[in-house]
Amino acid sequence: GRAVPPLAALSWVLRLERSRRTGIVFPLQKLERYLSPGTDTARFRLFQPGLAALQRAEALFRSDRGHPIDYVSSAVRMDHAPPPALPEVCFIGRSNVGKSSLIRALFSLAPEVEVRVSKSPGHTKKMNFFKVGKYFTLVDMPGYGYRAPQDFVEMVEAYLQERRNLKRTFLLVDGVVGLQKTDHIAVEMLEEFGIPYVMVLTKIDRASRGVLLKNVLEIQEFVKENTQGCFPQLFLVSSVEFSGVHLLRCFVAHVTGNLPAVEAS
């Protein structure tokens with residue numbers, strides 16, 4: 001297995017000075033100081049777990065002999081998917097949005113788990129299922145947009161409509177370029193099917209502060225005005241610096257019913 005990057009573990013993050021620690025665990029809150037006075041930031045703090053909840057969530061993503069984290073199977077059609085025995089979350093997004101890199105970051109405490117990260121966009125053409133012990137399943141969906149497989153829509157629509165154990169869909173948006181036309185189509189699909197979802201802004205380490213603030217505010221306004229099923233808080237992540245990864249693990253644990261009480265700090 002690969003070595004575990006230090007900041008993948010909460011114990012390392014807690015050794016940092018306070019400002020850097022906040023920036024890694026709650027990257028959205030770090031942006032608050034740069035907003036105009038009077039800007040509504042209530043949606044920045046809807047999900048604000050305390051340390052105990054973050055630690056419990058991290059334990060779920062850390063494999064050991066009694067708690068294996070495994071790649072289970074891939075499927076190109078719903079009848080190839082594993083039985084829907086556990087609560088499930090799925091990750092969807094444009095090709096090259098950093099989806100596989102984010103899933104690898106989430107599973108970085110289980111370095112034996114093989115998450116293929118492609119250098120060429122549109123490489124993920126199957127639904128890839130990962131089982132996290134006896135607690136939940138995480139699904140890496142094919143990327144849409146550039147070089148998406150022809151049967152992408154049929155595959156993803158069937159999954160979203162038929163998968164009864166699906167607890168939350170994570171829609172990944174590139175933090176550098178913001179919402180694109182293909183993302184709007186994905187939002188329309190999720191809204192039409194009444195699927196609860198959350199938006200995750202990826203690659204925030206590559207975006208300047210100004211660009212990131214602009215995209216955050218624009219997407220937050222879009223969510224407020226145009227969506228019913230989207231969780232109002234955005235999640236910001238960097239798979240390189242592990243910003244937002246600990247919080248996202250905690251949210252996954254929460255929506256799959258594995259974190260009954262989320263303590264506010």
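Trainee: Which residue in strand 6 is the bridge partner of Thr169?
Mentor: Tyr197 is the bridge partner of Thr169. Keep in mind that this is a predicted model.

Trainee: How many bridges join strand 5 to strand 6, and do they run parallel or antiparallel?
Mentor: Six bridges join them, and the two strands run parallel. Strand 5 covers residues 166-174 and strand 6 covers residues 197-202.

Trainee: What sheet are they in, and what is the strand order?
Mentor: An open sheet of seven strands, ordered 1-3-4-2-5-6-7. The pairing is mixed.

Trainee: Which are the edge strands?
Mentor: Strand 1 (69-75) and strand 7 (235-236). Each pairs on one side only.

Trainee: Switching to helices. At what angle do helix 6 and helix 7 cross?
Mentor: Roughly 30°, with the axes coming within 10 Å. Angles under 35 degrees count as roughly parallel, so helix 6 is roughly parallel to helix 7. The crossing is right-handed.

Trainee: Which residues meet there?
Mentor: From helix 6, Val156, Glu157, Leu160 and Gln161. From helix 7, Met189, Leu190 and Phe193. By class, that contact has five nonpolar residues, one polar and one charged.

Trainee: And helix 4 with helix 9, what is the crossing angle?
Mentor: Roughly 80°, and the axes come within 8 Å. Helix 4 and helix 9 are therefore roughly perpendicular.

Trainee: What residues make that contact?
Mentor: Helix 4 brings Ala53, Leu54, Ala57, Glu58 and Leu60. They meet His246, Leu247, Arg249, Cys250 and Ala253 of helix 9. Seven of the residues in this contact are nonpolar, one is polar and two are charged.

Methods
Residues are numbered from 1 along each chain as its sequence is written. This is a predicted model: local features need pLDDT of at least 70, side-chain atom pairs count only at pLDDT 80 or more; totals for chains, interfaces and linings use all residues. Side-chain values use heavy atoms; hydrogens and water are left out. Axes are lines fitted to C-alpha atoms, for helices over the stretch in contact, and angles run from 0 to 180 degrees between N-to-C directions. Helices (H or I, at least four residues) and strands (E, at least two) are DSSP runs, numbered from the N terminus. Angles under 35 degrees count as roughly parallel, over 145 as roughly antiparallel, 65 to 115 as roughly perpendicular and the rest as oblique. A crossing is left-handed if the near helix is turned anticlockwise from the far one by less than a right angle, and right-handed if clockwise. Contact means heavy atoms within 4.5 Å. Ala, Val, Leu, Ile, Met, Phe, Trp, Tyr, Cys and Pro count as nonpolar, Asp, Glu, Lys and Arg as charged, and the others, Gly among them, as polar. Two strands pair if DSSP finds at least two bridges between them.
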